[in-house]
Amino acid sequence: MKNLFSHFALLRGLALLALLKAVPALHATNGMNMEGYGPVATAMGGTSLAYDNGTAGLINNPATLGLMEGNARLDLALGILGPHIDVTSPATSPNIFGVAANQTAKSSATAFFMPAMGYTRRSGNLVYGVGLFGQGGMGCEYDENSWRGLGFSLKNRTEVSVGRLIVPLVYKVNDKLQIGATADFMWAGMDLKMAMSGNQFFDLVMPTSQRFGHASGGIVNSFGQIMASLPAGTSVDYAYFNFSNGSPFTGEARSYGYGGKIGVLYAPSPELSLGLTYHTESRLSDMTAKGDTLSFQLNIPGMGQMPQTLSGDFRVRNFQWPAMLGAGLAWHPAPRWLVAADIREIFWQDVMQDFSMSFVASGAAANGPFAGQNLDAVLYQNWDNQTVVMLGAAYEASDKLTVRFGGNFGSNPVPDTYLNCLFPAIVKTHLTAGLGWKFDDRSSVDASFTYGFKVDTVNGAGSGVSHSQTNLQVMYSRRF
């Protein structure tokens, strides 16, 4: 217990550092989850539930932290994420977007940098510590002059990110059994610049349509009254939802909350270990963004185009991270070999049925008849639960060099019908590889490379969506 309290000041300092660091928006490939956390695990297909993979155990299976060698460990990591996303306008022209057929828009969001850190320390049969990790997310950005701008120079952009500050406690029951748990402080951020054509907007507000979502509220009612008073032939060019600060570190809309994990590690023999973990569903507050805009443009016969921009506040309701149940094994078939396998069930169905957002116009005179009124919009998502199988192996080529490789295979949780090209999360298959190099008994470096194979699909609006990804992680470790 003396060691526990003597190092409290160091943990407090690390926790403060973690709170001050920001986790940028991520572009993940097991739905919104990353295919792996930490380069040791990621190089082995993301497997991590039944062997020592460093402080990444904080976000994988906390019980594996009990396998740490030595008295303490510090990991500093950096990930470089490279999504490649294209979206093609529907083959028919005119179409629901009011643009020419078969135009391709390429997302310019192709490189993101993700820091992570973890520190753990042993005191008798206990291991404790702190860590900061990016959980995952999704997003992209399309140029205002691409077809996604609908001919009105409207930039389309999304970034969704979730981060965790994690405090673990692991207890060694005996030489075969370890149990662990974490308390996670969570935060989420979101940027959104979303252009809807007039046809898309009417799909939301017309009760006889509503194929992809629905909208209601005072703004919708007032909008209908205004449309009824205008000349026949009046149309809507677009509606534009805009809350975005452009920062790679924090979203314009933010929320905070908590979650947790429990884990078990059982080793019936020195050659075999089994891991089991459960991650709880998050408890995040609603995301809020203040002082942003909702715009639309009418096209009135004899008067031309009449744009209107409303200022006000957005709220994204009940965005949560799903629960996850995972089991894994690790086997040493020979002295220099490690083979691992995990299976995980991610419960997207419980949290990704709808994307629900509201806007309340301020009382400013510039908002005209819409001042103080609201719009509540829902975009259907209807994600399925996702099963992910992870396989990996490591070979100690020498006392200093370890070679790792693996594969990550998941079902696609996003139904084609409701896939929005601003929220791509459809990559299913990954190949992974990596290296570990020991400088000495105390310090080492590990790296992983992942290729997420391209998935092509067509959504319910007729748009073609293509997504592939290349990711790199590098980590320096110091043991004490």
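At 26% relative accessibility, Glu281 counts as partly exposed (buried means under 20% relative accessible area, exposed over 50%, and partly exposed in between, with a 1.4 Å probe and protein chains only). Its salt-bridge partner is Arg283, with 3.8 Å from N to O; a salt bridge here is a side-chain nitrogen of Lys or Arg within 4 Å of a carboxyl oxygen of Asp or Glu. Arg283 is also partly exposed, at 46% relative accessibility. This is a predicted model, in which local features need pLDDT of at least 70 and side-chain atom pairs count only at pLDDT 80 or more, while totals for chains, interfaces and linings use all residues. Residues are numbered from 1 along each chain as its sequence is written, and side-chain values use heavy atoms, with hydrogens and water left out.

**Strand 9 and its partners**

- Strands are DSSP runs of E with at least two residues, numbered from the N terminus along with helices (H or I, at least four residues). Two strands pair if DSSP finds at least two bridges between them.
- Strand 9 covers residues 253-269 and runs antiparallel to strand 6, residues 177-197, with 14 bridges joining the two. Ala181 has Ile262 of strand 9 as its bridge partner.
- Strand 10, residues 272-279, pairs with strand 9 over 7 bridges in the antiparallel sense. Gly263 has its bridge partner, Thr277, in strand 10.
- A hairpin is formed by strand 9 and strand 10, with 2 residues between them.
- Arg283 in strand 11 stands opposite Tyr258.
- In a regular strand the side chains alternate between the two faces of the sheet.

**Salt bridges**

- The whole structure contains 16 salt bridges. Side chains of opposite charge can pair when their charged atoms come close.
- Asp75 and Arg73 form a salt bridge with an N to O distance of 2.9 Å. Asp75 is buried, with a relative accessible area of 1%, and Arg73 is buried as well, at 7%.
- Lys172 and Asp175 form another salt bridge, their closest N and O atoms being 3.5 Å apart. Lys172 is partly exposed at 29% relative accessible area, whereas Asp175 is exposed at 72%.
- Elsewhere, one network joins Glu141, Lys155, Arg157, Glu159 and Asp191 through salt bridges that share partners.

**Aromatic pairs and a charge over a ring**

- There are 16 aromatic pairs in the structure. Rings of Phe, Tyr and Trp (its six-membered ring) pair if their centres lie within 6.5 Å; planes under 30 degrees apart count as stacked, over 60 as edge-to-face and the rest as tilted.
- Phe185 and Tyr256 are a stacked pair because their ring centres are 6.3 Å apart and their planes are at 15°. Phe185 lies in strand 6 and Tyr256 in strand 9, so this pair ties together parts that are 71 residues apart in sequence.
- Phe185 is partly exposed, with a relative accessible area of 35%, and Tyr256 is partly exposed at 46%.
- Trp337 and Tyr395 make a tilted pair, 4.9 Å centre to centre with 35° between the planes. Trp337 lies in strand 15 (residues 337-346) and Tyr395 in strand 18 (residues 386-396), so the pair links parts that are 58 residues apart in sequence.
- Trp337 is partly exposed at 32% relative accessible area, and Tyr395 is partly exposed at 31%.
- A cluster linked by ring pairs contains Phe201, Phe202, Phe223, Phe296 and Phe370.
- Arg148 has its charged end over the ring of Trp147, 5.5 Å from the ring centre. The criterion is NZ of Lys or CZ of Arg within 6 Å of the ring centre and within 35 degrees of the ring normal.

**Nonpolar surface patch**

- Leu78, Ile80, Phe113, Leu431, Phe449, Tyr451, Phe453, Leu472 and Val474 make a nonpolar surface patch of about 750 Å². Areas come from the Shrake-Rupley method with a 1.4 Å probe, and for residues only the protein chains shown count as cover.
- Patches are made of residues with over 30% relative accessible area and no salt bridge; like charges are joined within 9 Å, and nonpolar side chains (Val, Leu, Ile, Met, Phe, Trp, Tyr) within 5 Å.
- At least two residues of the nonpolar patch come from each of strand 1 (72-88), strand 21 (443-458) and strand 22 (464-479). Strand 21 gives the most, with 3 residues.
- Ile80 belongs to strand 1, and at 31% relative accessibility Ile80 counts as partly exposed.
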